Amino acid sequence: MDPLKFVKDNTYGINQLNISPEKKVDKLLLRFSAICGAVAVQPIPFADTFILTPLQAYMATRLASIHGISVTKASAWENVTDLGKVIGLGFLAQQLALGAYKMGLPGLAGFTTIPLVYGLTYAIGQLINEMYLRRSKNKDKMTEKEIKEMWKEMKKEGLNLGKQNKDEIKSTKNIFKKNLN
């Protein structure tokens, strides 16, 4: 199964014309966060690198379209990787922890991985959204300090949302698992 096709087929509500851009962003971030959380616990080798990051880059292209920003998949990928560079070793350590959970503690991974990946995807989306929002209004780019501060805040908010939205994530996980078979 193509994960991008799954995402495109399961981002209902995001393309509604009668809702505000802010509401579209909220729906998009929550949906992509749930999808990435669901994908993260699947027994797919290297899912964190080869599936989650491209999904997050695709999320960036959708955010850009909401703000009327023209981007390519390559520039969306660049935005996601730029965030990884700025946020640095903390992001890398979290990715390594995800792999360790899956390899060493697969039962525990579902309880810890889902909120973690949900929170990380949410934080990435919020940061990219802010970058595009500023670009659409011709404002200055975010500074490293702003990115780091917003990252901490949004990651915390995303982790809390991940814990609160477990039912949606489990539902998404079941849909994804069914489509894999």
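Are F32 and Y58 buried or exposed? Both of them are buried, where buried stands for under 20% relative accessible area, exposed for over 50%, and partly exposed for what falls in between (1.4 Å probe, protein chains only). Here are some notes to go with the structure above.

1. **What you are looking at.** This is a predicted model, in which local features need pLDDT of at least 70, side-chain atom pairs count only at pLDDT 80 or more, and totals for chains, interfaces and linings use all residues. Residues are numbered from 1 along each chain as its sequence is written, and side-chain values use heavy atoms, with hydrogens and water left out.

2. Helices (H or I, at least four residues) and strands (E, at least two) are DSSP runs, numbered from the N terminus.

3. **M59 and T121.** Setting aside neighbours within four places in sequence, M59 is in contact (heavy atoms within 4.5 Å) with L28, L29, F32, T121, I124 and G125. T121 has its place in helix α6 and is buried, with a relative accessible area of 0%. With the neighbours within four places in sequence again left out, T121 is in contact with F32, S33, C36, Q56 and M59.

4. **The aromatic pair.** Now back to the two residues of the opening question. A pair of aromatic rings is described by the distance of the centres and the angle of the planes. Rings of Phe, Tyr and Trp (its six-membered ring) pair if their centres lie within 6.5 Å; planes under 30 degrees apart count as stacked, over 60 as edge-to-face and the rest as tilted. By this rule the count comes to 1 aromatic pair. The ring centres of F32 and Y58 are 5.9 Å apart and the planes are at 45 degrees, so this pair is tilted. Because F32 lies in helix α2 and Y58 in helix α3, the pair ties together parts that are 26 residues apart in sequence.

5. **The salt bridges.** Side chains of opposite charge can pair when their charged atoms come close. With a salt bridge taken as a side-chain nitrogen of Lys or Arg within 4 Å of a carboxyl oxygen of Asp or Glu, a search of the whole structure finds 3 salt bridges.

6. **R134 and its partners.** E130, R134 and E146 are linked in a network of salt bridges. In the pair of E130 and R134, the closest N and O atoms are 2.8 Å apart; both residues lie in helix α6, 4 residues apart, about one turn of the helix. R134 also meets E146 in a salt bridge (3.1 Å, N to O). R134 counts as buried at 17% relative accessibility, while E130 is partly exposed at 22% and E146 is partly exposed at 29%.

7. The side chains of E144 and K148 meet in a salt bridge (3.9 Å, N to O). Both residues lie in helix α7, 4 residues apart, about one turn of the helix. K148 is partly exposed, with a relative accessible area of 39%.

8. K24, found in helix α2, counts as buried at 17% relative accessibility. The C-alpha atoms of K24 and I66 are separated by 7.5 Å, and these residues are 42 residues apart along the chain. T53 lies in helix α3 and counts as buried, also at 17% relative accessibility. Its C-alpha atom is separated by 9.2 Å from that of C36, 17 residues apart along the chain.

9. **N138.** Finally, please take a look at the loop between α6 and α7, where N138 has its place. Phi of N138 is near 55 degrees, a positive value in a residue other than glycine. N138 is exposed, with a relative accessible area of 73%.
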